[in-house]
Amino acid sequence: MKVAVFGSYDWSDYMDLARNITLLIQESHKVGHSNIVFVHGGKNGAENMVTEYIGKTEKFLRQKGFKIKESLFRGRAKLQDVHIIESGIDYAIVFSTGDRRTISAKKLLEAYQVPFMMVEKA
(Lines give C-alpha, C1' and ligand atoms only; values in the text may rest on other atoms or scores of the structure.)
Protein backbone atom coordinates (compact mmCIF):
# COMPACT_ATOMS: atom_id res chain seq x y z
CA MET A 1 0.00 0.00 0.00
CA LYS A 2 1.33 3.40 -0.97
CA VAL A 3 0.32 6.29 1.33
CA ALA A 4 1.04 9.94 0.57
CA VAL A 5 1.65 12.31 3.46
CA PHE A 6 0.96 15.99 3.02
CA GLY A 7 1.49 18.43 5.84
CA SER A 8 1.57 21.99 6.97
CA TYR A 9 5.01 23.51 7.26
CA ASP A 10 4.18 24.67 10.78
CA TRP A 11 2.76 21.35 12.06
CA SER A 12 4.39 20.80 15.46
CA ASP A 13 2.37 18.09 17.23
CA TYR A 14 4.52 14.97 16.87
CA MET A 15 2.36 12.92 19.26
CA ASP A 16 -0.81 13.59 17.24
CA LEU A 17 1.01 12.70 14.02
CA ALA A 18 2.39 9.48 15.56
CA ARG A 19 -1.04 8.49 16.88
CA ASN A 20 -2.71 8.99 13.50
CA ILE A 21 0.02 7.20 11.54
CA THR A 22 -0.12 4.28 14.00
CA LEU A 23 -3.90 4.06 13.63
CA LEU A 24 -3.54 4.13 9.86
CA ILE A 25 -1.02 1.28 10.00
CA GLN A 26 -3.28 -0.77 12.28
CA GLU A 27 -6.35 -0.22 10.09
CA SER A 28 -4.36 -1.07 6.95
CA HIS A 29 -3.23 -4.31 8.54
CA LYS A 30 -6.83 -5.28 9.27
CA VAL A 31 -7.62 -5.19 5.55
CA GLY A 32 -4.52 -7.14 4.56
CA HIS A 33 -1.89 -4.43 4.02
CA SER A 34 1.25 -5.16 6.03
CA ASN A 35 3.59 -3.48 3.57
CA ILE A 36 3.21 0.29 3.58
CA VAL A 37 5.31 2.88 1.78
CA PHE A 38 4.89 6.45 2.99
CA VAL A 39 5.54 8.92 0.18
CA HIS A 40 6.19 12.61 0.80
CA GLY A 41 8.27 15.57 -0.29
CA GLY A 42 10.33 15.90 2.89
CA LYS A 43 9.13 19.40 3.62
CA ASN A 44 9.34 21.00 7.08
CA GLY A 45 6.69 20.19 9.63
CA ALA A 46 4.54 17.08 9.35
CA GLU A 47 6.41 15.52 6.44
CA ASN A 48 9.73 15.61 8.28
CA MET A 49 8.03 14.12 11.33
CA VAL A 50 7.04 11.06 9.30
CA THR A 51 10.74 10.39 8.74
CA GLU A 52 11.31 10.67 12.50
CA TYR A 53 8.35 8.37 13.22
CA ILE A 54 9.58 5.67 10.84
CA GLY A 55 13.09 5.90 12.28
CA LYS A 56 11.79 5.44 15.82
CA THR A 57 9.28 2.66 15.14
CA GLU A 58 10.52 0.70 12.10
CA LYS A 59 12.28 -2.04 14.09
CA PHE A 60 9.33 -2.51 16.45
CA LEU A 61 6.83 -2.58 13.59
CA ARG A 62 8.97 -5.10 11.68
CA GLN A 63 8.87 -7.38 14.74
CA LYS A 64 5.06 -7.12 14.64
CA GLY A 65 4.96 -8.22 10.98
CA PHE A 66 4.79 -4.84 9.25
CA LYS A 67 7.07 -3.65 6.50
CA ILE A 68 7.15 0.12 6.69
CA LYS A 69 9.22 2.14 4.25
CA GLU A 70 9.57 5.72 3.22
CA SER A 71 10.00 7.22 -0.20
CA LEU A 72 11.02 10.84 -0.58
CA PHE A 73 9.67 12.40 -3.73
CA ARG A 74 11.82 15.19 -5.03
CA GLY A 75 10.59 17.40 -7.79
CA ARG A 76 9.65 20.92 -8.69
CA ALA A 77 7.82 22.35 -5.71
CA LYS A 78 4.96 23.70 -7.79
CA LEU A 79 4.05 20.30 -9.23
CA GLN A 80 5.37 18.02 -6.51
CA ASP A 81 1.97 17.22 -4.96
CA VAL A 82 0.51 16.38 -8.38
CA HIS A 83 3.44 14.07 -9.16
CA ILE A 84 3.09 12.33 -5.80
CA ILE A 85 -0.61 11.70 -6.44
CA GLU A 86 0.04 10.56 -10.01
CA SER A 87 2.71 8.12 -8.80
CA GLY A 88 -0.06 5.68 -7.92
CA ILE A 89 -0.88 6.27 -4.27
CA ASP A 90 -3.65 4.25 -2.65
CA TYR A 91 -4.42 6.60 0.21
CA ALA A 92 -3.30 9.90 1.71
CA ILE A 93 -3.16 11.57 5.07
CA VAL A 94 -3.12 15.36 5.33
CA PHE A 95 -1.91 17.12 8.49
CA SER A 96 -3.33 20.61 8.21
CA THR A 97 -3.28 23.84 10.18
CA GLY A 98 -5.55 25.43 7.59
CA ASP A 99 -2.74 26.66 5.36
CA ARG A 100 -2.99 27.06 1.58
CA ARG A 101 -0.69 24.12 0.84
CA THR A 102 -2.79 21.50 2.60
CA ILE A 103 -6.05 23.00 1.33
CA SER A 104 -4.58 22.67 -2.16
CA ALA A 105 -3.52 19.06 -1.46
CA LYS A 106 -7.06 18.26 -0.30
CA LYS A 107 -8.53 19.70 -3.51
CA LEU A 108 -6.08 17.69 -5.62
CA LEU A 109 -6.89 14.47 -3.76
CA GLU A 110 -10.60 15.09 -4.30
CA ALA A 111 -10.04 15.82 -8.00
CA TYR A 112 -8.04 12.61 -8.43
CA GLN A 113 -10.59 10.70 -6.30
CA VAL A 114 -7.94 9.43 -3.89
CA PRO A 115 -9.30 8.46 -0.47
CA PHE A 116 -7.70 10.47 2.32
CA MET A 117 -7.89 11.39 5.97
CA MET A 118 -7.67 15.01 7.07
CA VAL A 119 -6.10 15.70 10.49
CA GLU A 120 -6.66 19.31 11.42
CA LYS A 121 -5.25 21.61 14.09
CA ALA A 122 -6.22 25.21 14.60
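Biologist: Which residues does Leu-108 touch, leaving out those up to four places away in sequence?

Modeller: Contacts between residues further along the chain are what to look for here. In this predicted model, Leu-108 touches Asp-81, Val-82 and Ile-85. Leu-108 itself sits in helix H4, residues 100–111.

Biologist: And where is Leu-108 relative to Gln-26, by C-alpha atoms?

Modeller: The two are 82 residues apart along the chain, and their C-alpha atoms are separated by 26 Å.

Biologist: OK, on to helix pairs. At what angle do the axes of H1 and H2 cross?

Modeller: Start with the axes, then the angle. Helix H1 covers residues 14–30, and its axis comes within 10 Å of the H2 axis, with a crossing of roughly 55°. That is why H1 counts as oblique to H2.

Biologist: Is that crossing left-handed or right-handed?

Modeller: H1 passes H2 in a right-handed crossing.

Biologist: Which residues meet there?

Modeller: On the H1 side you'll find Tyr-14, Leu-17, Ala-18, Ile-21, Thr-22 and Ile-25; their partners in H2 are Ala-46, Met-49, Val-50, Glu-52, Tyr-53, Lys-56 and Leu-61.

Biologist: Now Thr-57: buried or exposed?

Modeller: For burial, compare relative accessibility with the cut-off, which is under 20% for buried. Thr-57 has 19%, so it counts as buried. Thr-57 belongs to H2, residues 46–63.

Technical notes:
Residues are numbered from 1 along each chain as its sequence is written. This is a predicted model: local features need pLDDT of at least 70, side-chain atom pairs count only at pLDDT 80 or more; totals for chains, interfaces and linings use all residues. Side-chain values use heavy atoms; hydrogens and water are left out. Helices (H or I, at least four residues) and strands (E, at least two) are DSSP runs, numbered from the N terminus. Buried means under 20% relative accessible area, exposed over 50%, partly exposed in between (1.4 Å probe, protein chains only). Axes are lines fitted to C-alpha atoms, for helices over the stretch in contact, and angles run from 0 to 180 degrees between N-to-C directions. Angles under 35 degrees count as roughly parallel, over 145 as roughly antiparallel, 65 to 115 as roughly perpendicular and the rest as oblique. A crossing is left-handed if the near helix is turned anticlockwise from the far one by less than a right angle, and right-handed if clockwise. Contact means heavy atoms within 4.5 Å.
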